[in-house]
Amino acid sequence: MKGFREKAGASKCFSKSTPDTPNRSLASVGSEPGSSESKSSKGSLLSSLFNSAFSVFETYSESSASEKKAVHNKSNGWTAAVKRLVTAGSMRRIHERVLGPSRTGISSSTSDIWLLGVCHKIAQDEALGDAAGNNGLAEFNQDFSSRILISYRKGFDPIGDSKITSDVGWGCMLRSSQMLVAQALLFHRLGRPWRKPLQKPFDCEYVEILHLFGDSETSPFSIHNLLQAGKAYGLAAGSWVGPYAMCRSWEALARCQRAETGLGCQSLPMAIYVVSGDEDGERGGAPVVCIDDASRHCSVFSKGQADWAPILLLVPLVLGLEKVNPRYIPTLRLTFTFPQSLGIVGGKPGASTYIVGVQEESAIYLDPHDVQPVIYIGKDDLEADTSTYHSDVIRHIHLDSIDPSLAIGFYCRDKDDFDDFCARASKLAEESNGAPLFTVTQTHKKPVNHSDALGETGGVPEDDSLGVMSMNDAVGNAHEDDWQLL
């Protein structure tokens, strides 16, 4: 993706003075783009769909020309086209026609499924009989459907000073990252074994987590607040964003909220550590998990009151040019066996998803591209309808089909958990045949400026490729996001 190379100033904290009003209901539409033969052709196709009002209308008109004799003028045609896209599901049909349909359901394989650090044994063991295999599948389904789904919305309050009230067509990376952070909060507050109750009233912690991701400025982790916090990294409503800029935006959002609230009132009760390459600050080589850096992040988070704290690690990567380099796939798959696994923000080229599990060579994911009716969930509403925040539709793609630009997440509850993560990561790097996803070290070999990580400045490194791509820049810039190419 194209890098955002302009110098950016320090990000500023922002207030949440907007009244807490219910969101409006809205129409439903879904899209599930797949991979294409090249990023150039993919960018051209996606650009023709989303680049502008006229281009969307023209694409729609061309795809339906054989079915219609009358041709509307552009102004009236645009309105009619949008209504059809929203109400008739035309967008998904267009995506499937151009980029291929999604695959849903569990594959015929009986191999084990790893879902965010938990192994679900689907294999039929003769000693245990068929019932055991069925129990494994049922446990997986319950686990999968308990993961929080956050998808496209339409009809929320305008974002900032814009008139944009929907993130359809551009917000999938933000939604995917929201899902990853939501799982971290679930693990922190309720533990990994938690499953969504079948009956109400719900757990208050669960409802509070969903409230945090509402679609208004009053919800701390809303798309509105993410875009505001990520301005220094080029985030803007209507623009696509890369994994690196997304990770840094979460770091900035947490920093702002930490400055506004007391230690015991933080919406994100954990430190954030964006792991990046050692050489030249943010560039070059495999990312390095520095234990000393993690310790400093924890100390800053706790404002010096504790030596360690829960920590969220985000590791943005670029694992190839047009496709993931095959040498990284085995280690990428093994990250899901870590008890600290939060999955991957990534997916198909040009269409971010939240990958939560693997089975053999297949990646299992939650799809943010289906537009759900907006629902307001109060933090104390234990009887709320939370069905739009979960899905039992199991989608999967081949691991070698995912976009090489992605971000991996891990959550470590305490120092012992972090030490366990480091041990597993070090072993994984040693067994990677010279192609580690990331490495672990106690301290940096040479001085590194930690001022941004420690909150001393909100500035952005100059001339840094931030992985932000405007919708108008979708064509011809596929190779410019190679700031951390492995």
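1. Let's start with Ser151, which sits in the loop between α5 (130–146) and α6. (Helices, H or I with at least four residues, and strands, E with at least two, are DSSP runs numbered from the N terminus.) Keep in mind that this is a predicted model: local features need pLDDT of at least 70, side-chain atom pairs count only at pLDDT 80 or more, and totals for chains, interfaces and linings use all residues. Residues are numbered from 1 along each chain as its sequence is written, and side-chain values use heavy atoms, leaving out hydrogens and water.

2. Is Ser151 buried or exposed? With a relative accessible area of 0%, Ser151 is buried (buried is under 20%, exposed over 50%, partly exposed in between, using a 1.4 Å probe and protein chains only). Its side chain reaches the backbone oxygen of Asp370 at 3.0 Å. Setting aside neighbours within four places in sequence, Ser151 has contacts (heavy atoms within 4.5 Å) that include Arg175 and Pro368.

3. Next, have a look at Pro201, in the loop between α6 and α7. The peptide bond joining Lys200 to Pro201 is cis, with omega about 0°. Most peptide bonds are trans.

4. Now for two backbone angles. Lys303 has a positive phi, near 55°, without being a glycine; Lys303 belongs to the loop between α10 (291–301) and β7 (311–318) and is partly exposed at 45% relative accessible area. Asn433 also has a phi near 55°. Asn433 lies between α12 (415–430) and β13 (439–441), and at 78% relative accessibility it counts as exposed. Most residues other than glycine have a negative phi.

Definitions and conventions
A polar contact is a pair of N or O atoms within 3.5 Å; within protein, one must be able to donate a hydrogen and the other to accept it, and residues adjacent in sequence count only if both atoms are side-chain atoms.
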